[in-house]
Amino acid sequence: MKLDSAGLEILSRGECLSLLASTPIGRIVFTDRALPAVQPVNFYLVDGNIVIRTAIGSKLAAAARNAVVAFEADDFDAEMRAGWSVTAVGHARAVDEPDEISRLSLLPLMPWAPGSRDHFIVMVPEQLSGRRVRR
């Protein structure tokens, strides 16, 4: 087990991907009018890529088109003082090809927010890091 300078366990890429696949909610960080913006989203991991379903005219859909974004997911147990956090940085792209849209529409990725969410964003994690804290 490798520890960072704060004594937290450093996770491997495989562990990071496994933990991402274990939770349905994360936060995407993007640029909105030259300022950082963070938005909670539900997502699904497909072949190591983060897939997000959003509304076609949303701020997120516009801002994440061919942009570098960050993504974070975590799980903590406050009582046990244990948990993990995974952060990814990479390029996001809007899905425009009808075959890919059809394939992604079959994923168990159902929007939590009301309204139409028929636009997909795929983020390819180019940098992936994670930390785990154990009591």
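Visitor: Which residues touch the most other members in the largest nonpolar core?

Guide: Happy to show you! This is a predicted model, where local features need pLDDT of at least 70, side-chain atom pairs count only at pLDDT 80 or more, and totals for chains, interfaces and linings use all residues. Residues are numbered from 1 along each chain as its sequence is written, and side-chain values use heavy atoms, leaving out hydrogens and water. The average pLDDT (the predictor's confidence in each residue, from 0 to 100) is 92 for the protein.

Now to your core. A nonpolar core is a set of buried Ala, Val, Leu, Ile, Met, Phe, Trp, Tyr and Cys residues joined through side-chain atoms within 4.5 Å; buried means under 20% relative accessible area, exposed over 50%, and partly exposed in between, with a 1.4 Å probe and protein chains only. The largest one has 25 residues, and L20, I28, I50, I52, L60 and F71 touch the most other members. At least two core residues come from each of α1, β2 (25-32), β3 (35-46), β4 (49-54), α2, β5 (67-77), β6 (82-94) and β7 (119-133). These helices (H or I, at least four residues) and strands (E, at least two) are DSSP runs, numbered from the N terminus.

Take L20 as an example: beyond its neighbours within four places in sequence, L20 is in contact (heavy atoms within 4.5 Å) with F43, L45, I50, F71, A73, W84, V86 and L128. Another core, of eight residues, lies apart from the largest one and includes V46, V51, V95 and L104. As for confidence, helix α1 (residues 13-21) has the highest mean pLDDT among the elements, 97, while helix α2 (residues 59-63) has the lowest, 82.
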